Amino acid sequence: MESKVEHAVDQLKSGGIRMTPQRYAILHYLMESYSHPTADDIFRALSPQYPSLSVATVYNNLKLFVDAGLVRELTYGDDSSRFDADMSDHYHVTCTSCGTIVDIDHPPVMEVERTAAAMTGFSVLGHRLEIYGLCPTCKGMHS
Ligand SMILES: [Zn+2]
Ligand SMILES: [Zn+2]
């Protein structure tokens, strides 16, 4: 996992982006996390170590990583965005009760893109597929 962070650091540096300890910490946290944290989650996790860190700093750095193509932003309507350092094609299952997001490994569903292109004449660039329900913990509480 360390090599993934180092690779990302190299990519940022070659894009002229200076690496600061806080920036590195945010990047590192995100790349080691599979929980798709929000800016708030990252801030809460890192603020004990970096007392001068602010949510705005976390957010600005996340935007910078997204622009650099290192991180993907997942937006869910009015809820704050979640961030995912796994740039591979994968789908998410979201718990509607607690907001947990779990990755699932499923081949991209290309038929829907082909159908959309054929039916509308669009040049289709991609699609979003959201799977939602109750996670095992929440399912237990609701039964
Ligand atoms: Zn849940
Ligand atoms: Zn993911």
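User: How many positive and negative side chains does the protein chain have, and how far apart are the centres of the two sets?
Analyst: In this predicted model, the protein chain carries 11 positive and 18 negative side chains, and the centres of the two sets lie 3 Å apart.

User: Which helices and strands make up the chain?
Analyst: The secondary structure comes to 6 helices and 5 strands, and if you follow the chain from the N terminus, the elements run α-α-α-α-β-β-β-β-α-β-α. The C-alpha atoms fill a box of roughly 50 × 45 × 30 Å when it is taken along the principal axes.

User: And what share of the contacts joins residues at least 24 apart?
Analyst: If we take the contacts between residues at least 6 apart in sequence, 46% of them join residues at least 24 apart.

User: Is His36 buried or exposed? And what about Asp103?
Analyst: His36 is buried, because its relative accessible area is 2%, which falls under the 20% cut-off. Asp103, with a relative accessible area of 25%, is partly exposed.

User: New topic: how many aromatic pairs does a search of the whole structure find?
Analyst: The search finds 1 aromatic pair. The partners are Tyr59 and Phe83, whose ring centres are 6.4 Å apart and whose planes stand at 80°, so the pair is edge-to-face.

User: Why does that pair tie together parts of the chain?
Analyst: Tyr59 lies in helix 4 (residues 55–67) while Phe83 lies in strand 2 (residues 79–84), so the pair ties together parts that are 24 residues apart in sequence. Tyr59 is partly exposed, at a relative accessible area of 33%, whereas Phe83 is buried, at 1%.

User: Last one, where is Leu27 and what does it touch?
Analyst: Leu27 is placed in helix 2 and counts as buried, at 0% relative accessibility. Leaving aside residues up to four places away in sequence, Leu27 touches Val5, Ala8, Val9, Leu12, Phe65 and Leu70.

User: How far is Leu27 from Leu70, then?
Analyst: Leu27 and Leu70 are 43 residues apart in sequence, and 9.2 Å apart in space from C-alpha to C-alpha. Leu70 is found in the loop between helix 4 and strand 1 (72–76), and at 8% relative accessibility Leu70 also counts as buried.

User: And which residues does Leu70 touch?
Analyst: Again not counting residues up to four places away in sequence, the residues that Leu70 touches include Gln11, Met31, Ala85 and Met87, and Leu27 is on that list too.

Methods: Residues are numbered from 1 along each chain as its sequence is written. Chains are lettered from A and ligands numbered from 1 in the order in which they are written. This is a predicted model: local features need pLDDT of at least 70, side-chain atom pairs count only at pLDDT 80 or more; totals for chains, interfaces and linings use all residues. Side-chain values use heavy atoms; hydrogens and water are left out. Buried means under 20% relative accessible area, exposed over 50%, partly exposed in between (1.4 Å probe, protein chains only). Helices (H or I, at least four residues) and strands (E, at least two) are DSSP runs, numbered from the N terminus. Contact means heavy atoms within 4.5 Å. Lys and Arg count as positive and Asp and Glu as negative; His and the chain ends are not counted. The place of a charge is taken as NZ of Lys, CZ of Arg, CG of Asp or CD of Glu. Rings of Phe, Tyr and Trp (its six-membered ring) pair if their centres lie within 6.5 Å; planes under 30 degrees apart count as stacked, over 60 as edge-to-face and the rest as tilted.
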